[in-house]
Amino acid sequence: MGESVLDQGKAKAAAPASVLDQPKAAKASGEQSVLGGSVNHKPLTFYKKAWFWIIIAVVVLGTGGLVAFLVINANITAQAIEDYGKNALAATDAVSDFKREFRSAFNDSGLGYYSSNEKRTEELRDKCLEKLDIKIDDYKSVEDIKYISGEKAADELGTGETRKLSEGFKRIADGLSNIDDKMDTCKDMLKDTLKGDYELKIGDFEIKESSYSVRYKLPVSIKNKSDYTIRFYVKLKAVSKDGKELGKDTFYSTTLKPGESDDDEMFNYGYYSTYETLKDAKFEVVEVTEYSVK
């Protein structure tokens, strides 16, 4: 097309620039995003924060504490296993020695036949242990012992129970050590028990003379004060005023229930030649023992 007269002499405007040729904005400082925008990264400064180091400290201490706990626990378990085996053997030997000494003391006490399974024997055994400051539960834990091996005990019972039993075993081993030197306390207790089981009354010696005969006797009575049914054996001796023994006599009571009594006569046979001296004699208890205790 031709130019208009009005347009002649004017400078022609440049053709519109392509989109690609349009002026580009100056790049902002920093990296440019994929979309063309710039992304600014702030410096890492969280390590300067107090909370960061608190977390680090907690983690470090927690891990160290856990390791220490595991090590300590392992040492405790190992020590418990070692102590258990040692103390279990010592306690078993101590209980065996105690049973032997107690049985001997019981048989010598006059309290009747010893039977470890009878209620009264167990009661007196427990009294003896109390005199020796032994805990009954500790003693029974040794009687009921299942494991001599500490490893087996720890596996089956756990470390805590193993350690608890081991401590009880040690108390038994220490408390019953040298038991033969300590048994006098129990012997005295057994003697006191026997004395408390009965009441013996000795009457006056009686002489009844007639033109045909002479009758003489010493009346005696024994009462069962215990909680058991018992038959008693009594031995007395007659002693003259000058201390000379004139003779001995014995009698067996009937089987007496608690609270029952039995009366009998002693020195009524075989003393015809000396009965005159017996009326002034002193009668002393030589022995009172028990039989058929139920």
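## Overall build

The chain has eight helices and nine strands. This is a predicted model. The chain holds 294 residues, and buried residues make up 31% of them.

Look next at contacts along the sequence. Take the contacts with a separation of 6 or more: residues 24 or more positions apart account for 67% of them.

## The nonpolar core

In soluble globular proteins, nonpolar side chains tend to be buried together. Here, the largest nonpolar core has 54 residues. Phe98, Phe102, Leu176 and Phe267 have the most contacts inside this core. Helix 1 supplies its largest share, nine residues.

Serine 109 sits in helix 1, which spans residues 50-109. Is serine 109 buried or exposed? Its relative accessible area is 10%, and buried means under 20%, so serine 109 is buried. A polar atom of its side chain lies 3.3 Å from the backbone nitrogen of leucine 111. Serine 109 also touches Leu190 and Leu194, not counting residues up to four places away in sequence.

Threonine 121 lies in helix 2. Its relative accessibility is 4%, so threonine 121 also falls under the 20% limit and counts as buried. Which backbone atom lies 2.8 Å from a polar atom of the side chain of threonine 121? The backbone oxygen of serine 115 does. Setting aside neighbours within four places in sequence, threonine 121 is in contact with Phe102, Phe106, Tyr114, Ser115 and Ser116. One of these, Phe102, is among the core residues with the most contacts.

## The largest pocket

The largest pocket holds about 160 Å³ of space. Two elements each give two or more residues to its lining: helix 2 (119-131) and helix 7 (184-197). Helix 2 gives the most, with four residues.

Which residues line the largest pocket? They are Arg120, Glu123, Leu124, Lys127, Thr193, Gly196, Asp197, Lys225, Ser226, Asp227 and Tyr228. By class, this lining has six charged, three polar and two nonpolar residues.

Terms used: Residues are numbered from 1 along each chain as its sequence is written. This is a predicted model: local features need pLDDT of at least 70, side-chain atom pairs count only at pLDDT 80 or more; totals for chains, interfaces and linings use all residues. Side-chain values use heavy atoms; hydrogens and water are left out. On a 1 Å grid over the protein atoms alone, a cavity is a set of points where a 1.4 Å probe fits but cannot get out, and a pocket is an open set with protein on both sides within 12 Å along at least five of seven lines; lining residues have an atom within 4 Å of a point. Grid points are joined across faces, edges and corners, and a volume is the space filled by probe spheres set on the points. Ala, Val, Leu, Ile, Met, Phe, Trp, Tyr, Cys and Pro count as nonpolar, Asp, Glu, Lys and Arg as charged, and the others, Gly among them, as polar. Buried means under 20% relative accessible area, exposed over 50%, partly exposed in between (1.4 Å probe, protein chains only). A polar contact is a pair of N or O atoms within 3.5 Å; within protein, one must be able to donate a hydrogen and the other to accept it, and residues adjacent in sequence count only if both atoms are side-chain atoms. Contact means heavy atoms within 4.5 Å. A nonpolar core is a set of buried Ala, Val, Leu, Ile, Met, Phe, Trp, Tyr and Cys residues joined through side-chain atoms within 4.5 Å.
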